[in-house]
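Thanks for coming, everyone. I want to walk you through one model this morning. Let me put it on the screen.

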Amino acid sequence: MYNAKILIDRLAADHTLAADEYLYILSNTDAQTLAYINNVAAEVCASVFHKSIYIRGLIEIGNVCRNDCLYCGIRHSNSHVERYRLNRDDILAACGEGYALGLRTFVLQGGEEGGKASDDFITGVVREVKELYPDAAVTLSLGEKDTDTYRRFREAGADRYLLRHETFNAAHYSSLHPASMSRDNRLRCLADLKRLGFQTGTGIMVGSPGQTAAHIVEDILFIGRLRPEMIGIGPFIPHRDTPFGTCRAGSLEQTLLLLSIFRLMFPHALIPSTTALATLSPGGREAGILAGANVVMPNLSPASVRRKYNLYNGKACTGSESVEGLKSLEESFRAIGYKIDFGRGDYAG
């Protein structure tokens with residue numbers, strides 16, 4: 001019989017466990033065990049990052065998407081969405097505002113449009129941002145692209161790319177996505193990004209419909225093999241205008257457990273405390289940090305479009321979830337013993 005605390009200590013020391021050991025932790029974590037692994041992960045994170053939290057400026061550049069993922073509020077077939085695209089001037093203005101506030105990473109996130117015109121636009125914008133702010137990093141989160149497009153983004157100056165695989169299990173992947181999408185193509189994209197030299201991020205939705213503990217073990221093992229520089233873990237939260245609109249949200253506790261597992265696996269990884277965590281619970285962002293997260297991404301998008309980028313019900317995008325709330329964010333971090341780091345925050349493992 002396993003002992004969860006002994007396994008947690010071994011994970012902290014060796015950064016890996018066997019599949020059945022991960023499954024045991026996932027299936028046998030009570031409140032006391034969760035507090036233990038959160039504390040161990042927070043100590044590991046503090047030993048590397050010295051209780052500094054990297055701040056990224058998130059710019060949601062558009063909510064037009066060609067895909068019809070069953071869980072996503074901006075899915076192609078959702079006719080209730082008020083669609084928008086930021087233009088070049090909008091994006092550069094947001095970067096300028098963020099730079100003036102001290103931010104040195106900009107995250108351009110949007111629906112997956114596809115097509116040469118859209119990809120050329122992104123390439124041009126990335127090049128301009130890097131010319132204007134050569135000491136800043138650019139992260140892209142724009143979905144699946146062909147290899148050549150990723151190469152052009154990289155050559156234009158993009159430093160990082162976040163593409164959550166959502167679930168490694170092929171059957172589970174198919175249950176969450178339309179037939180036009182495949183798990184294998186998602187994995188191809190991630191392999192391309194790593195090979196092209198991006199600081200690469202992946203991750204999962206915790207508690208997505210049909211997810212099992214065995215699925216999560218597959219995800220853990222995959223991420224262990226991929227060795228990404230960034231790991232994005234957030235709870236599934238339903239959106240009313242999707243096929244999963246009445247499904248139950250993922251749990252805060254399981255999300256915090258996985259944040260800690262990945263921190264112990266990858267002490268140097270860049271792991272955000274996500275907006276979804278802050279949406280799920282009033283103290284979710286701080287709880288994520290106390291579980292081992294070391295990145296927060298306040299919203300730098302124009303205020304007029306923030307509520308249009310509505311991936312799930314009740315998405316937090318104002319107050320301390322926005323750049324206007326940086327002072328409040330600093331105060332909330334100080335209250336739990338952390339401080340903001342305005343640097344680029346590159347992976348240095």
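Let's start with Gly337, which follows helix 13 and has a positive phi, near 90°. By helix I mean a DSSP run of H or I with at least four residues, and by strand a run of E with at least two, both numbered from the N terminus.

Some ground rules. This is a predicted model, where local features need pLDDT of at least 70 and side-chain atom pairs count only at pLDDT 80 or more, while totals for chains, interfaces and linings use all residues. Residues are numbered from 1 along each chain as its sequence is written, and side-chain values use heavy atoms, with hydrogens and water left out.

Stay with helix 13, residues 326-335. Its buried residues are Leu326, Leu329, Ser332 and Phe333. Buried means under 20% relative accessible area, exposed over 50%, and partly exposed in between, with a 1.4 Å probe and protein chains only. Those four cover an arc of only 120° around the axis, which puts them on the same side of helix 13. The arc is taken from the directions of the C-beta atoms as seen from the helix axis. Turned away from that side are the exposed residues Lys327, Arg334 and Ala335. What do the buried residues of helix 13 pack against? Strand 1 (52-55), helix 12 (284-289), strand 8 (295-296) and strand 9 (339-341). Contact here means heavy atoms within 4.5 Å.

Next, helix 5. At 1.5 Å a residue, its 17 residues should span 24 Å, and the end C-alpha atoms are 24 Å apart, which agrees. The expected span is 1.5 Å times one less than the number of residues. Buried residues of helix 5 include Ser118, Ile122, Val125, Val126 and Val129. Seen down the axis, the buried residues of helix 5 fall within an arc of 165°, so they line one face. A reminder: an α-helix has 3.6 residues a turn, so residues three or four places apart point the same way.

On the other side of helix 5, Lys116, Ala117 and Glu131 are exposed. Lys116 has a relative accessible area of 60%. Lys116 and Thr149 are 33 residues apart in sequence, yet 8.8 Å apart in space, C-alpha to C-alpha.

On a 1 Å grid over the protein atoms alone, a cavity is a set of points where a 1.4 Å probe fits but cannot get out; a pocket is an open set with protein on both sides within 12 Å along at least five of seven lines; lining residues have an atom within 4 Å of a point. Points are joined across faces, edges and corners, and volume is the space filled by probe spheres set on them.

The largest pocket holds about 190 Å³. It has 14 lining residues, and Ile61, Glu113, Ser118, Phe121 and Ile122 are the closest to its centre. Helix 5 gives the largest share of that lining, four residues.

How many cavities of 30 Å³ or more does the search find? Two.
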